[in-house]
Amino acid sequence: MKKYIIDSKKFISKEKSYSYLNEIFKFDYYVKNLDALFDQLSSKRDIIIEIKNSDLIEKNLGEYGKKIIETFSSLNSNDVIVSFLF
């Protein structure tokens with residue numbers, strides 16, 4: 001399984017968050033909204049996503065940060081494992 005480590009300190013604005021995620025995951029196309037984020041991540045197989053300092057996402061982005069966390073949470077399956085570290 002391929003492991004991706006996400007540093008939530010990089011989530012300082014919506015735009016910078018997506019830029020960072022695009023850089024980390026090297027998506028098929030540039031992701032800039034929650035639907036595209038879910039679609040691209042759910043198409044990946046056999047990956048582990050570890051989110052460090054995950055509490056900073058909501059702290060820095062407010063309600064939108066909460067939606068990002070929910071998007072990652074909804075990915076947990078046999079092919080995609082997401083863990084949140086505080």
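The model is predicted, so local features require pLDDT of at least 70 and side-chain atom pairs count only at pLDDT 80 or more, while totals for chains, interfaces and linings use all residues. Residues are numbered from 1 along each chain as its sequence is written, and side-chain values use heavy atoms, with hydrogens and water left out.

**Exercise 1. Overall fold**

Determine which pattern the protein follows along the sequence, and compare its radius of gyration with that of a compact globule.

Solution. 
- Step 1. The protein has four helices and three strands; helices (H or I, at least four residues) and strands (E, at least two) are DSSP runs, numbered from the N terminus.
- Step 2. In sequence order these elements give β-α-α-β-α-α-β.
- Step 3. The radius of gyration is taken over C-alpha atoms, and the globule rule is 2.2 Å times the number of residues to the power 0.38. For 86 residues a compact globule would have a value near 12 Å, and the protein agrees, with 12 Å.
- Step 4. Contact means heavy atoms within 4.5 Å. Among contacts between residues at least 6 apart in sequence, 60% join residues at least 24 apart.

**Exercise 2. Salt bridges**

Identify the partners of K3 and R45 in salt bridges, and state which parts of the chain each pair ties together.

Solution. 
- Step 1. The criterion is a side-chain nitrogen of Lys or Arg within 4 Å of a carboxyl oxygen of Asp or Glu. By this rule there are two salt bridges.
- Step 2. K3 pairs with E50, their closest N and O atoms being 3.2 Å apart. Because K3 lies in strand β1 (residues 2–7) and E50 in strand β2 (residues 47–52), the pair ties together parts that are 47 residues apart in sequence.
- Step 3. Burial is classed by relative accessible area: buried under 20%, exposed over 50%, partly exposed in between (1.4 Å probe, protein chains only). K3 is partly exposed at 46%, whereas E50 is buried at 16%.
- Step 4. R45 pairs with D79, with 3.5 Å between the closest N and O atoms. R45 lies in the loop between α2 (34–42) and β2, and D79 in the loop between α4 (63–73) and β3 (80–84), so this pair ties together parts that are 34 residues apart in sequence. D79 is partly exposed, at 26%.

**Exercise 3. Aromatic pairs and charges over rings**

Classify the ring pairs Y18 and Y64 and F25 and F27, and locate the charged end of K14.

Solution. 
- Step 1. Rings of Phe, Tyr and Trp (its six-membered ring) pair if their centres lie within 6.5 Å; planes under 30 degrees apart count as stacked, over 60 as edge-to-face and the rest as tilted. The whole structure contains four aromatic pairs.
- Step 2. The rings of Y18 and Y64 have centres 6.4 Å apart and planes at 70°, so the pair is edge-to-face. Y18 in helix α1 (residues 14–25) and Y64 in helix α4 are 46 residues apart. Y18 is buried, at 3% relative accessibility.
- Step 3. The rings of F25 and F27 have centres 5.4 Å apart and planes at 15°, so the pair is stacked.
- Step 4. A charge sits over a ring if NZ of Lys or CZ of Arg is within 6 Å of the ring centre and within 35 degrees of the ring normal. The charged end of K14 sits over the ring of Y64, 4.5 Å from its centre.
- Step 5. The charged end of K2 sits over the ring of Y4, 5.1 Å from its centre.
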